[in-house]
Structures are given as structure tokens and as C-alpha cells.
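Look over the sequence and the structure below. Then follow the chain with the paragraphs that come after.

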Amino acid sequence: MASHAQPLLPPAPETGLARVLARLEAALGLMVEIPAAALVVAEVVVLFSGIIARYVLHTPLTWSDELASTLFLWLAMLGSAVALRRGSHMRMTAIVWALPGRTRSVFDAIALAAGLGFLVLIFPAALHWAQEEAFITTPAMEISAAWRASAFPIGVSFMIAFSLLRLAAVGKWQHALIAIGAVLAAIVVFWLLGPKLKPLGNVNLIIFFVGVV
């Protein structure tokens, strides 16, 4: 199992397109990493202020917990996008890294395409939930709950963008096409099997985990 930062795919040859994609990814990375770093600082300040107010000054801040949870949600989603860009998400690599270089590149591309497929599938639900939360007002800060819920669609959008950029930067475009085709085929198969899988209940979890491994 690998949890350290490592390239998910081999670097593409140095071409004009590769350089453009690298610059675009770097610019997009700054758009995510700078706010994520600021959120870490803000989270520490808010939590520390809440502790001092509650246990030292004995005048609890009614909004600190609510703000901290909102910042944490944003931090989690932006942090996930940063981890995806750096290839830092935990994944099983024992079998994949034992494969020959070309085969390993294809399976790495499939892993990236599978994550991309999942993100694309959940994006409409994330966006719908954020829209629904817009009608709710938070009890302490009295602001729209959409400020918190919008972290999901925005974070997923960044992860989709990074996944697309990584696939576009694959050295051999045939590997990317194979990966996308395999993932699309799996999605279609599971969609067609949906009515038969529903009655299985929790057995679906076993099928899901087997598919992931």
C-alpha cells in the first residue's frame, strides 16, 4: 500500500502540449493549495479562540464550533484535491508495481479514470445538495448553509479538473483511451445490473470493494 506522494502516471514527453498542461496544472494547484493553507491557519485560530473563550474567559463563543465545522469541510475537500494532484491518496500498489512498465502504465491510467468516473457520477448529487442547503440558515452565524455545502461541488470540480489534466498528460494517449473505455464499460455494466443488485443490500458493499481492489 502506498500513501506517500508519487506520480500516478509516468511523465509525458516534453512537448509543447505537455508544457501547457503542466503550467495549467501548476496554476490550478495554486488556486487550491493557497486557500487550503489559509484554511489550516484559520481553523487553528478559530478552535484556539473557542477554547480560550470557553475555559479561560468562561464566555463561550456561540459561533466558533459552527464556523470550525464549516472550515473543516472546506479544508477536507480542498485537501482531497491537493492529495489527488500529488498522488498522495492511499492505494494498493503491491500487484500493480510488480507489472511490466507498459502494463503498469495502463493500470495506473485505469485507476485514475476510475476515480474520475466516480467524481463525475457524484457531482450532480453534490451540486443538488448544495442548492438545497441554500434555503437553510445556520443557527449560530445565521448565514446560508450553502456556504458550507458548496465545498462539496467545488472540491469535486477541482478533483475532476486534476484528473482530466493527469489523463491528458499521459505519455501514450492509447493508454488513456483504454482506461476511459474500461471505466465506461464497467459503469454501463453496473448500471444495467442495477435492478438485480439492489435486492442484495449490504452484499453490494462486498461487490464494490472487490471491484475497487
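From the N terminus on, the elements of the chain run α-α-α-α-α-α-α-α. The count comes to eight helices and zero strands. Keep in mind that this is a predicted model.

The chain has 213 residues, and 32% of them count as buried. Its accessible surface comes to about 13,300 Å². Carbon and sulfur atoms hold 75% of that surface. Now take the contacts with a separation of 6 or more. Residues 24 or more positions apart account for 76% of them.

Start with helix α1, which covers residues 16-56. How far apart should its ends be? At 1.5 Å a residue, the 41 residues of α1 should span 60 Å. The end C-alpha atoms are 59 Å apart, which agrees.

Next, see which residues of α1 are hidden. The buried ones are A18, L21, E25, L28, G29, V32, A36, L39, E43, V46, G50 and A53. An α-helix has 3.6 residues a turn, so residues three or four places apart point the same way. Keep that rule in mind as you read along the list. What covers these buried residues of α1? The cover includes α2 (64-86) and α5 (151-168).

Just after α1 comes H58. This residue sits in the loop between α1 and α2. Is H58 buried or exposed? H58 has a relative accessible area of 61%, over the 50% cut-off, so it is exposed.

E142 lies in the loop between α3 and α4 (146-149). E142 is not a glycine, yet it has a positive phi of about 55°. Its relative accessible area is 61%, so E142 counts as exposed.

Now turn to the pair α2 and α5. Their axes come within 9 Å and cross at roughly 5°. Angles under 35 degrees count as roughly parallel, so α2 is roughly parallel to α5.

Which residues meet where these two helices touch? On the α2 side they are L73, W74, M77, L78, S80, A81, L84 and R85. On the α5 side they are A151, F152, I154, G155, V156, F158, M159, F162, S163 and R166. The residues of this contact divide into 13 nonpolar, three polar and two charged.

Pick one of them, V156 in helix α5. V156 has a relative accessible area of 2%, under the 20% cut-off, so it is buried. What does V156 touch, leaving aside its neighbours within four places in sequence? V156 is in contact with M77, L119, I122 and F123. M77 belongs to α2.

Finish in helix α3, which covers residues 101-133. A109 has its place there. Is A109 buried or exposed? Its relative accessible area is 0%, so A109 is buried. A109 and A179 are 70 residues apart in sequence. In space, they are 5.6 Å apart, C-alpha to C-alpha.

Note on methods
Residues numbered from 1 in each chain as written. Predicted model: local features only at pLDDT ≥ 70, side-chain atom pairs only at ≥ 80, totals over all residues. Heavy atoms only, no water. Helix = DSSP H or I, 4+ residues; strand = E, 2+ residues; numbered from the N terminus. Buried < 20%, exposed > 50% of the residue type's maximum accessible area, 1.4 Å probe, protein only. Expected span 1.5 Å × (residues − 1). Contact = heavy atoms within 4.5 Å. Axes fitted to C-alpha atoms, helices over the stretch in contact; angles between N-to-C directions. Parallel < 35°, antiparallel > 145°, perpendicular 65-115°, else oblique. Nonpolar A, V, L, I, M, F, W, Y, C, P; charged D, E, K, R; others polar. Areas by Shrake-Rupley, 256 points an atom, 1.4 Å probe, with all protein chains shown as cover.
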